[in-house]
Amino acid sequence: MRPPTRHALLVLSLYMRPDGRGAWPSYDTLSAASALSRRAVIKHINHAVADGWLVRHNRRRGGDGWASNEYEIAIPQRGTKHSARDALCETNNGARGAGN
């Protein structure tokens with residue numbers, strides 16, 4: 001996972017309930033809290049959803065056109081390209097450096 005995606009998820013986590021569900025901050029709110037542009041927030045949230053680290057639900061209300069996204073954390077399935085175990089191994093291998 002790229003560092004900006006990780007940063008966007010960290011900031012999103014600040015708005016989640018303790019059980020990891022029920023966060024619905026706007027892209028503008030995440031942008032302000034993360035110091036990333038709105039466009040970058042959207043891009044990195046989309047990456048996290050595509051890679052299985054985040055589930056996005058569309059929330060809509062009646063006929064007034066109001067809509068938002070609700071997020072919950074997820075862990076990609078083991079053995080997939082972006083599983084939690086694979087991400088940990090990539091992080092650990094990258095920390096060793098070329099000389100180790």
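This is a predicted model: local features need pLDDT of at least 70, side-chain atom pairs count only at pLDDT 80 or more; totals for chains, interfaces and linings use all residues.
User: OK, how do α2 and α3 sit relative to each other?
Analyst: Their axes cross at roughly 105° and come within 8 Å. That angle falls in the 65 to 115 range, so α2 and α3 are roughly perpendicular to each other.

User: Which residues make that contact?
Analyst: From α2, Tyr27, Asp28, Leu30, Ser31 and Ser34 take part. From α3, the residues are Arg38, Val41 and Ile42.

User: And what classes are they?
Analyst: The contact of α2 with α3 has four nonpolar, two polar and two charged residues.

User: What's between those two helices in the chain, say at Ala35?
Analyst: Ala35 lies in the loop between α2 (27-34) and α3 (38-50). Its phi is near 65°, a positive value in a residue other than glycine. Most residues other than glycine have a negative phi.

User: Is Ala35 buried or exposed?
Analyst: Ala35 has a relative accessible area of 73%. The cut-off for exposed is over 50%, so Ala35 is exposed.

User: New topic. Where is Thr5, and is it buried or exposed?
Analyst: Thr5 is found in helix α1, residues 3-13. Its relative accessible area is 5%. Buried means under 20%, so Thr5 is buried.

User: What does Thr5 touch?
Analyst: Leaving out residues up to four places away in sequence, Thr5 touches His44, His47 and Ala48.

User: Last one: how far is Ala50 from Pro76?
Analyst: They are 26 residues apart in sequence and 10.0 Å apart in space, C-alpha to C-alpha. Ala50 lies in helix α3 and is exposed, with a relative accessible area of 66%.

Notes:
Residues are numbered from 1 along each chain as its sequence is written. Side-chain values use heavy atoms; hydrogens and water are left out. Helices (H or I, at least four residues) and strands (E, at least two) are DSSP runs, numbered from the N terminus. Buried means under 20% relative accessible area, exposed over 50%, partly exposed in between (1.4 Å probe, protein chains only). Contact means heavy atoms within 4.5 Å. Axes are lines fitted to C-alpha atoms, for helices over the stretch in contact, and angles run from 0 to 180 degrees between N-to-C directions. Angles under 35 degrees count as roughly parallel, over 145 as roughly antiparallel, 65 to 115 as roughly perpendicular and the rest as oblique. Ala, Val, Leu, Ile, Met, Phe, Trp, Tyr, Cys and Pro count as nonpolar, Asp, Glu, Lys and Arg as charged, and the others, Gly among them, as polar.
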